[in-house]
Amino acid sequence: MSELESEAMEAEFGDVAGWTEEAVRALGAGHAIPAGCRGSGSEGALRWLADRLALRPGSRVLDAGAGVGGPAGWLAADRGVRPVCAEPMHTAARAAARLFGLPSVTAVAQRLPFRDAAFDAEWCLGVLCTTADKPGALAELRRVLADGGRLGLLVFVAVGPLPPPLPEGNEFPGERELAELVTAAGFRLGETATADLGDSPPEWSGRADAVDAEVARRHGEDPRWREAQEQSRRVGRLLADGALRPWLGVAEAR
Ligand SMILES: C[S@@+](CC[C@H](N)C(=O)[O-])C[C@H]1O[C@@H](n2cnc3c(N)ncnc32)[C@H](O)[C@@H]1O
């Protein structure tokens, strides 16, 4: 294993990331953003956060835990900024660079290779629930953000005790615990909301599904694909049952 907290997560965020890049190349560049949004999954959630990051032309923006770069690619296309992607799985970080032409580095959020206050804004989507060391990640996110800069978060929060089977390696915080962690790291938590993960336009969902089908056609027999599918099925069930809530929040660096 490398940096992640379970082999199942390595399959989901590493191997599948490489296969996703391969499938996007086969189907066409128009598939890159929808297929590349792993976890953030909804255009409405990206828009809600982007509207609250106080972005200006030339803003220095970080996407921490960027996956294959779909959200950063969307932000670049929609808001005219050029986010820097940081992502621990090398195949995913490489895909972000190759699919979206964005600067991309292989790094965990707990050890970001940037100087203090290097960014004016940042977001971290679907990441804090995949790592046990949330204080370490939030401290680094605060360190590299300029005073007054905004952090956008998407976190799957546990509404109560979670019924098994749980996805391996995930640690879902409660909402109050999350708010305390954000505040303790030196942020002032502002607006929060619940994301509607089903609000993307039909062509967006259609393209994401087409990429999944292409990956399944090429790698459907691979145990790592089945493992990754099982992981996302488990998260999907917890969301559908209301045991997890897709929480959006914007915090300002104090
Ligand atoms: C659910 S995916 C979300 C990817 C992307 N942010 C998106 O919304 O499409 C979670 C990502 O967090 C990354 N990750 C896991 N542990 C991390 C850590 N400690 N620091 C930064 N990223 C991490 C995984 O490799 C994976 O790419």
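Reader: How many positive and negative side chains does the chain have?

Author: There are 28 positive and 37 negative side chains, and the centres of the two sets lie 4 Å apart. Lys and Arg count as positive and Asp and Glu as negative, with His and the chain ends not counted. Each charge is placed at NZ of Lys, CZ of Arg, CG of Asp or CD of Glu.

Reader: What kind of model is this?

Author: A predicted model: local features need pLDDT of at least 70, side-chain atom pairs count only at pLDDT 80 or more, and totals for chains, interfaces and linings use all residues. Residues are numbered from 1 along each chain as its sequence is written, and side-chain values use heavy atoms, leaving out hydrogens and water.

Reader: OK. How many helices and strands?

Author: Nine helices and seven strands. These are DSSP runs numbered from the N terminus: helices are H or I with at least four residues, strands E with at least two.

Reader: And what share of the chain is buried?

Author: 53% of the 254 residues. Buried means under 20% relative accessible area, exposed over 50%, and partly exposed in between, using a 1.4 Å probe and protein chains only.

Reader: Helix 3 next. Mostly covered or mostly open?

Author: Mostly covered: helix 3 spans residues 43–50, and six of its eight residues are buried. They are Glu43, Ala45, Leu46, Trp48, Leu49 and Ala50.

Reader: What do those pack against?

Author: The buried residues of helix 3 pack against several elements, including helix 4 (70–79), strand 5 (145–158) and helix 8 (202–219). Contact here means heavy atoms within 4.5 Å.

Reader: Which residue reaches Gly44 at the start of that helix?

Author: Ser42, with a side-chain oxygen within 3.3 Å of the backbone nitrogen of Gly44.

Reader: Changing topic. Where is Ala54?

Author: Ala54 sits in the loop between helix 3 and strand 1 (61–64). Its phi is near 55°, a positive value in a residue other than glycine. Ala54 counts as partly exposed because its relative accessibility is 41%.

Reader: What about the phi of Ala117?

Author: Near 55°, also a positive value in a residue other than glycine. Ala117 lies in the loop between strand 3 (104–106) and strand 4. Its relative accessible area is 29%, so Ala117 is partly exposed.

Reader: Last one. Which residues does the cis peptide bond join?

Author: Pro164 and Pro165, with omega about 5°. Pro165 is in the loop between strand 5 and helix 7 (175–184).

Definitions and conventions:
Polar contact = N/O pair within 3.5 Å; in protein donor to acceptor, adjacent residues only side chain to side chain.
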